[in-house]
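This report walks through a structure with the reader. Please look at the sequence and the model first, then read on.

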Amino acid sequence: MAAENLSTKIPSRKRIATGIALLVIGLLMSVFFLPGTETGQTATFGLNLSSSAAILLPDMTLPVQTSLYVLVLIVVFMGAYHMARGIRSPGALFGVVAFCFVAAFLIWATRGRSLSLIGMLTSSLVRATPIALAALCGVISERAAVVNIGIEGIMLIAAEASVVTASLSDSLYIGLMVGILSGALIAALHAWLVIRFKVDQIVSGVAINIFATGTTSFLSSKYLQHQSDLLNNSGTFPIISIPLLSKIPIIGPIFFENNLIVYLMMIIVIVMHIVLYYTPWGLRTRAVGEHPKAADTLGINVYLMRYVNVIVGGMIAGLGGAYFTLGSVGRFDEVMTAGKGFIGLAAMIFGNWNPLGAFTSSLIFGFADSLQVKMQILKVPIPSSILGMAPYIVTMIVLTGLVGQAIPPAADGQPYEK
Amino acid sequence: MPPVLQLKGITKAFPGVLANDHIDLELNEGEIHCLLGENGAGKTTLMNILYGLYKPDAGEIYVRGQKAEIENPNDAIQRGIGMVHQHFMLVPVMTVTENVMLGVEEKRNGVFLDRAKVAARIREISHDYGLEVDPDAYIKDLPVGIQQRVEIIKVLYRQADILILDEPTAVLTPQEVEGLFKILRSLVAKGKSLIFITHKLKEVMALADRITVLRLGRTVGTVTPSEVTPERLASMMVGREVNLTVSKKPPKVGDVALEVKDLYVEDERHQVAVRGLSLDVRAGEVLGIAGVQGNGQTQLVYALTGLAPVLSGEIRILGKPVRKPTPRKILELGVGHVPEDRQRHGLILSFPIHDNMVLCTYYQAPFARGINLQEKVIVANAETLAKQFDVRTPNVFVPASSLSGGNQQKVIVAREFSRPIKLLIASQPTRGLDVGSIEYIHSRIIEKRDEGAAVLVVSSELDEILALSDRIAVMYRGQIVDIVPAAQASKEYLGLLMAGISPADAAKSVAPVAAGEVERVF
C-alpha cells in the first residue's frame with residue numbers, strides 16, 4: 001500500500017536529523033563526562049533515607065567508566081537505530097535518552113564519592129508538590145476550557161494569606177483553610193471576568209499575577225517584616241509517617257513520609273482522575289471543554305460547569321500556595337513562588353491535560369530542581385547560578401513540543417457564546 | 001386528534017433582520033414534514049426556537065395540543081422534541097456511548113458512570129431502528145454517515161418522538177443519503193414524527209409527506225409532493241422562475257493547462273492527505289473532482305494554489321513546472337482561485353469591497369504606481385465589477401463582512417474572473433449559497449470554460465459536479481480512483497466510488513447509462 005511506503009519514505013529527513021542529534025548527544029556525553037574520570041573509580045548511590053530504616057538495602061556502587069561507556073553506547077545505538085529503522089514513539093526515544101544523559105551526569109558528578117539517591121528522590125516529590133498542585137488547578141480549569149495563567153498569583157496570595165492567619169490564630173489548619181478560600185476567591189474573580197464579561201483569559205490571568213505580586217510584596221514589606229513574630233511565623237505541618245507503608249524500601253520513604261499537603265496533593269491526583277473519567281461531572285466537564293455547544297444542546301449549563309471547575313481549581317492552587325509557607329518554611333518571603341505556577345502549567349501541558357500525566361511531569365520538574373540543589377552540595381564544577389536554571393530549562397525543552405505534541409481540549413481558552 | 005406539533009405566528013428578529021415573520025407550521029403524527037427554503041430563509045432559526053436555543057419575540061408553540069413554553073433545550077427534550085443538528089453536536093474525542101449519555105448519565109452506586117448499561121441500550125436502539133453503530137468507537141474515528149446515526153440515536157435515547165433534522169444530507173454520499181432515508185422511513189413507521197429541513201428539491205420530492213416553503217422569514221405555502229414539480233418548488237423558494245439545468249455546449253479542448261504527477265501533500269496535522277495523485281486538465285474543459293469531504297480535496301487545492309507545501313511530486317501549470325509554489329507565483333502564471341472557505345482564504349472580511357476586489361493585483365499597474373495605491377482606480381474598478389458581476393451591495397465601501405454569502409462569493413468570482421486567467425481552480429464554489437446564486441456562478445464558470453480556460457472544480461455536491469463537468473474524477477483517501485467522461489457517469493457509480501468501492505466492483509453493481517440520461521436537477 002502507498003500509505004505504508006510513505007511513513008518510511010517521506011519523513012526520513014526529519015528522522016535523520018533526529019538521529020544525528022542523538023549521535024551528537026552521545027558524543028557530547030563522552031566528551032564532557034569521560035575525561036575527568038579515572039580507571040577503577042566508583043560512584044556510590046545510597047538507597048536508604050536513614051540508617052535506622054526497617055529494611056536496609058545495600059548501597060549501589062557503580063564503576064564510573066564502564067557505566068558511562070554503556071550509557072553513551074545506548075544513546076548512540078538509539079540514534080543509529082532511529083536513523084536506520086525509525087522509532088515510532090518520540091516519548092520513549094526522548095525518555096531513554098534523557099534518562100541516559102541524567103544518569104551519566106549523576107555518575108560523573110558522584111565519581112569517587114557517594115550520593116543519597118533516595119534523599120534526592122524524596123526531595124523531588126516534595127519540590128514537585130507545589131508544581132503538581134498548580135498543574136492540577138490548570139487541568140481542572142482547562143478541561144472546562146478556561147485558561148488560568150493566574151495560578152502563580154493565586155498561589156502567592158494564598159501563601160501569604162495562610163501564613164498570616166496561621167500565625168495570628170496559632171492554628172495551621174485555619175491557615176490552610178484561609179489559603180484554600182483565598183485561592184477560591186481569586187479564581188472566582190477570574191471566572192467571573194472571563195465567563196460573564198468574556199475578558200480575554202490571558203489578560204485576566206496576567207492581571208491577577210501582577211496584582212498578586214504587588215499586593216503581597218507591599219503587605220510583606222509594610223507589615224510582615226516588621227512584626228514577623230506575630231504575623232509571619234506559623235511553623236510547618238509535621239511529617240507524618242504512614243504505618244507499615246513507610247517501611248517499604250525505596251517507595252516508603254519517598255511517598256509515605258511526608259506532610260499533610262503532600263498527601264493531599266497525591267489524593268487530589270487520584271480523586272481528580274476518577275472524577276474526570278468515571279463520573280457524570282467529569283464527562284460533562286470534558287464535554288464543555290471540547291465542544292461546549294454540544295453540551296449546551298443537551299441541556300448542560302456550560303457557564304455553571306466552568307464556574308465550578310475554575311473555582312475548585314483555585315482552591316487547589318490555594319492549597320499549593322499554602323504549601324510554600326505552611327508546608328515548607330513557615331514564613332512568607334516576597335515572590336517566593338518563583339515561577340512554580342508557570343512551571344505547573346508546563347507540567348499540565350506535558351502531562352497532556354490529565355491529572356496522572358500532570359503529576360508525573362511535575363515529578364520530572366521536581367527532580368530537576370532537587371538535582372540542582374544536590375549538585376551544588378556535591379560542589380560540581382558548574383556555577384550554581386547555571387545549575388539553578390535546570391527546572392526552567394526543562395520547562396523550555398518540554399514546551400517546544402520536541403517531546404511529542406500534546407493536544408489541548410478543543411475549546412480551550414475560548415469564551416462560550418450562546 | 002390534534003397535530004403533534006403546532007407553531008403559530010412565530011416571530012423572531014435579529015438586529016437588522018426579521019428572521020421569522022409570523023410563521024405557522026403543523027406536524028401530524030407519523031408524518032415527514034419538509035421545511036424547504038434558501039439559506040437565510042429562517043428555517044434554522046425556526047427550529048432553534050422550537051428546540052429552546054432561541055427565544056421567540058412572539059408566537060405560540062403547542063405540543064400535542066398543549067401550549068408549551070420552551071425556554072431551553074431541557075424543556076424541549078422533556079416534551080419529546082429532539083434535534084439532529086446540521087453541524088454534529090458530538091465530542092470527537094469521546095466514545096459513542098459517552099456522547100449518547102452526556103447530560104442524562106446512567107449512574108452506578110449513585111456516583112460512577114454506568115457505561116455498560118448505556119451501551120446495552122444503544123445496542124437495543126440500533127437493533128430496533130436499523131442504526132448499526134459500535135457503542136465503544138470514538139466519534140473521531142467514525143465516518144460522517146455513522147456520526148449522523150449517533151446523533152439520531154442520541155435523540156432516540158432521550159425518547160423523543162418529534163425529530164428535527166437540520167440539513168442532514170449535506171455531508172453524505174448518495175448511498176448514505178439513501179440509507180438515511182430508509183432509517184427515516186422506519187422511524188416514521190414506528191410512530192415518530194419528523195421535520196426535515198433542506199434546500200435540496202430532489203430530497204423533498206423523494207421523502208416528504210408535506211412540504212412547507214419558507215422565503216425571507218415568511219411561510220410561502222404548504223403543499224404535498226404530488227401537487228408540485230421541482231421547478232414550481234424552486235420558484236416558490238426563490239420567488240422567481242429558476243433555470244435548474246446548466247446549459248452548455250460541447251467543450252473545445254485545447255492543450256494541457258494543469259498537469260499533476262504523483263503528488264503527495266500533508267494536512268495541518270502532518271497526516272498525508274494526498275497520496276500519489278495524478279491528473280491533468282486541458283484548456284476549454286471542466287474537470288470535476290467529486291468526493292466526500294475530507295478525502296484530501298482541500299489539501300490538493302492548497303498545494304495547487306501554493307497554500308500548502310508539496311511533499312513530493314510534480315505540478316506543471318501551462319507547461320511550466322512549479323517548484324516551491326507560492327500563491328503569488330501561481331496567480332501570476334494566470335491561475336484564478338475560488339477558495340473553499342471564502343471567509344478565511346477568499347476575502348478580508350473587515351476590508352471594504354473595493355480593496356477585496358484587488359487583493360491579488362493591488363501591487364500592479366494600474367492599481368499601484370510605485371509604492372502608492374491608486375485609490376480612485378481601485379474604486380472605479382470595483383464599481384465596474386460589482387455591476388458586471390451582479391454583486392448586490394449599497395456601495396463598494398461597505399466591508400465584505402456585511403454582504404450575504406452569495407454576494408461575498410460573487411466578489412471573489414468577480415476578482416478572479418476579471419483577470420486574464422487560463423486556469424481556474426474552484427473549490428466548493430457554491431457551498432451554502434441559494435439557488436439563485438448557484439445558477440449565476442455556474443453559468444459564469446461555464447462561460448470561462450467556453451472562453452478557453454481550463455477549469456478544475458472541486459465539490460462534495462455530486463449534483464454540482466455532474467452539472468458542470470466534462471470529465472469527472474472521484475477522489476477517495478487522497479487518490480483519484482477513477483476518471484470518467486461526464487456523459488457516461490451515473491450518479492450511482494460515482495456514489496459507490498465516493499464510498500470507497502473499487503471501480504471494478506462499482507461497475508458490476510451499476511447498470512451503465514446512455515449519454516444524456518443523467519439527471520441534472522439540483
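In this predicted model, 19 residues of chain A are in contact with 23 residues of chain B; two residues are in contact if their C-beta atoms, placed from the backbone, lie within 7 Å. On the chain A side, helix 1 (2–9), helix 12 (280–290) and helix 13 (292–297) each supply at least two residues. Helices (H or I, at least four residues) and strands (E, at least two) are DSSP runs, numbered from the N terminus. The largest share of that side, 5 residues, comes from helix 12 of chain A. The side divides as in the table, where Ala, Val, Leu, Ile, Met, Phe, Trp, Tyr, Cys and Pro count as nonpolar, Asp, Glu, Lys and Arg as charged, and the others, Gly among them, as polar.

| Class on the chain A side | Number |
|---|---|
| nonpolar | 12 residues |
| polar | 4 residues |

Residues are numbered from 1 along each chain as its sequence is written, while chains are lettered from A and ligands numbered from 1 in the order in which they are written. As the model is predicted, local features need pLDDT of at least 70 and side-chain atom pairs count only at pLDDT 80 or more, whereas totals for chains, interfaces and linings use all residues.

The pLDDT, the predictor's confidence in each residue from 0 to 100, averages 90 in chain A, and 95% of the residues score at least 70. Over residues 1–10 of chain A the pLDDT is below 50, and this stretch has 9 contacts beyond near neighbours in sequence.

Helix 12 of chain A also packs against helix 14 (residues 302–329) of chain A, at an angle of about 110° and with the axes 10 Å apart. Axes are lines fitted to C-alpha atoms, for helices over the stretch in contact, and angles run from 0 to 180 degrees between N-to-C directions. The two helices are therefore roughly perpendicular (65 to 115 degrees; under 35 is roughly parallel, over 145 roughly antiparallel, the rest oblique). A:Arg284, A:Thr285 and A:Val288 of helix 12 meet A:Val302, A:Met305, A:Arg306 and A:Asn309 of helix 14.

A:Ile208 lies in helix 8 (residues 201–224) of chain A. A:Ile208 counts as buried because 24 C-beta neighbours are inside 10 Å; 20 or more make a residue buried, 12 or fewer exposed, and numbers in between partly exposed. Beyond four places in sequence, A:Ile208 is in contact with A:Gly150, A:Gly153, A:Ile154, A:Ile186 and A:His190.

In chain B, 8 of the 8 residues of helix 9 (residues 297–304) are buried.
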